[in-house]
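Dear colleague,

Please read them with the model open beside you.

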Amino acid sequence: MNNSSSSSPREGMLLGMQLGNGYGSQPDSWRMPGVDPASYVDFDIMARQAQAAERGLIDFLFLPDELGLQDDIEHHPSKVSLEPTLTLAAIARATSRIGLVMTASSTFNEAYSLARQLKTLDVMSHGRVGWNAVPSSGDLAAANFGKAFPPRAEKYERLHEMVQVMQGLWGSWGEDAWVKDVESGRFADSSKIQPVNMAGRHVASQGPLPIPPSEQGQPVIFQAGGGSNGAAVAGRYANGVIGATFTIEDAKAQRATLRQAAADAGRDPDEIKFFAGLMPALGASRRDALDRRLLLGRDTIPQRVPYLGFMLGLRLAEDRLDTPLAADELAAARPNLGDPRAMHAFEVAREGWTVREILAHGVIDYHPTPVGTASDVADHMQEWFEAGAVDGFWVSVDVYEDGIDTFVDDVVPILQDRGLFHREYEGATLRSHLGAPHQYGLDPRLT
Ligand SMILES: Cc1cc2nc3c(=O)[nH]c(=O)nc-3n(C[C@H](O)[C@H](O)[C@H](O)COP(=O)(O)O)c2cc1C
């Protein structure tokens, strides 16, 4: 077990990749040519997707989670089909180096069972697991557990307690407690496997867990989201944060806030890596990339016209999908600065694209969408990285079936040639990929 405080920092950016429901990040990914419509529950297909990402030396896969069916299931698959822990158990056996980060609710899980599952997965994957600790939101999640949603302050209080109790449980089997001496018959040093007896206001557990350390000791903590509550969680515990951010300036500010939160908690700011979401629209040309998005959005784009109008401060009806904005409309447009995507949407509109094409640029998507060739996408990533806005990106591929391979075969080599991405996995654990310091049990720096 490596007890040094940190591995040597890696040159260049880190990359994570979203995996979800077997299809891709867009509502109609399941209908694209070449996609098996049964991918929703097909573990062979999901394992192949994970292997494609690993071939591209992606540092980690990241599975979101939702505790309820929130989508228009008549037409679109749920964003999350299968339970993440079990999904990653299958993927762990089909891969060997890529990190495996999964989302799980701190509000609707108990510390002992979640700590047990995640440490099992960490051991099973030889030290590649991360927990994206989210408090969940929405009445549907609460309803599925027969509960009311706690007030925000309380759910974050519980989140802090969950991380601490789970880390306490992870460390409850001492790092060198497992003797397994067949000759003497001594299985373990029981003095090093002791109850933790932790109790907060919301979460308690006695311990210990019967699970020895993995190759990285215990799972790494991730956080996704933002706001002061999220930053306080990340500052204390996280080694990776996924952010939703649409400009370099905002990403810089979010990253600075997180780094400060780490410093305030007595940690080295470099222990937190900040990842900006990215939803690349890739093609042989910008036109080709747009055509792919037009096909993918053939039924969803029309529904988005009114919202585009709202973002631009214009009244736009669905029937004018195939005309560009007129000069007088552009002059009257007032980008709605309440939406961080509005300025970009306005810039795209001014280039003269039709309303349908403006929307095909992903201007209403959850994360920035660079549209064009692999080198256009690499340019975007390089600009953000070199501006110090991010430590890396969390890439959501539109259609996994061919999109992961396209990213891996076309974008990754450009990043490598520019000295921006590694050419091999330097280590074998998630902690090593992230350059995160050794930690086993609670962080002794946090009181
Ligand atoms: C990129 C990204 C991914 C996220 N993924 C999830 C997720 O999979 N599940 C989830 O419950 N929350 C996820 N969140 C967090 C929620 O957006 C939100 O921060 C959280 O539910 C807490 O909300 P609240 O602090 O406003 O109550 C994600 C956030 C971001 C930015």
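To begin with the ligand, one of its oxygen atoms is 2.7 Å from an N or O atom in the side chain of lysine 155. Please bear in mind throughout that this is a predicted model. On its own the ligand has 620 Å² of accessible area, and the protein covers 73% of that.

The shell around the ligand holds 16 residues, of which Pro64, Asp65, Arg152, Lys155 and Tyr156 are the closest. By class, the shell comprises eight nonpolar, five polar and three charged residues, and H5 gives the most to it, with three residues.

Where does the ligand sit? It sits in the largest pocket, whose volume is about 1600 Å³. This pocket is lined by 50 residues, and those closest to its centre are Pro64, Asp65, Glu66, Lys79 and Tyr366. Several elements each supply at least two residues of the lining, namely strand S3 (99-105), strand S4 (129-134), helix H5 (152-170), strand S9 (220-224) and strand S10 (240-243); the largest share, three residues, comes from H5. The lining of the largest pocket divides into 22 polar, 18 nonpolar and 10 charged residues.

The largest cavity contains about 110 Å³ of space and is lined by 13 residues, with Gln26, Arg293, Gly297, Ile301 and Arg304 the closest to its centre. Helix H8 (286-296) and helix H12 (355-360) each supply at least two residues of this lining, which by class has five nonpolar, four polar and four charged residues.

The second largest cavity contains about 70 Å³ of space. Its lining has six charged, four polar and two nonpolar residues; among the residues that line this cavity are Arg236, Arg267, Glu271, Arg431, Asp443 and Arg445, together with Gln167, Tyr237, Asn239, Pro437, His438 and Gln439.

With best regards

Notes. Residues numbered from 1 in each chain as written. Predicted model: local features only at pLDDT ≥ 70, side-chain atom pairs only at ≥ 80, totals over all residues. Heavy atoms only, no water. 1 Å grid on protein atoms, 1.4 Å probe; cavity = no way out; pocket = protein on both sides within 12 Å on 5 of 7 lines; lining within 4 Å. Points joined across faces, edges and corners; volume = space filled by probe spheres on them. Helix = DSSP H or I, 4+ residues; strand = E, 2+ residues; numbered from the N terminus. Nonpolar A, V, L, I, M, F, W, Y, C, P; charged D, E, K, R; others polar. Near = heavy atom within 4 Å. Polar contact = N/O pair within 3.5 Å; in protein donor to acceptor, adjacent residues only side chain to side chain. Areas by Shrake-Rupley, 256 points an atom, 1.4 Å probe, with all protein chains shown as cover. Sits in = over half its atoms within 2 Å of the grid points.
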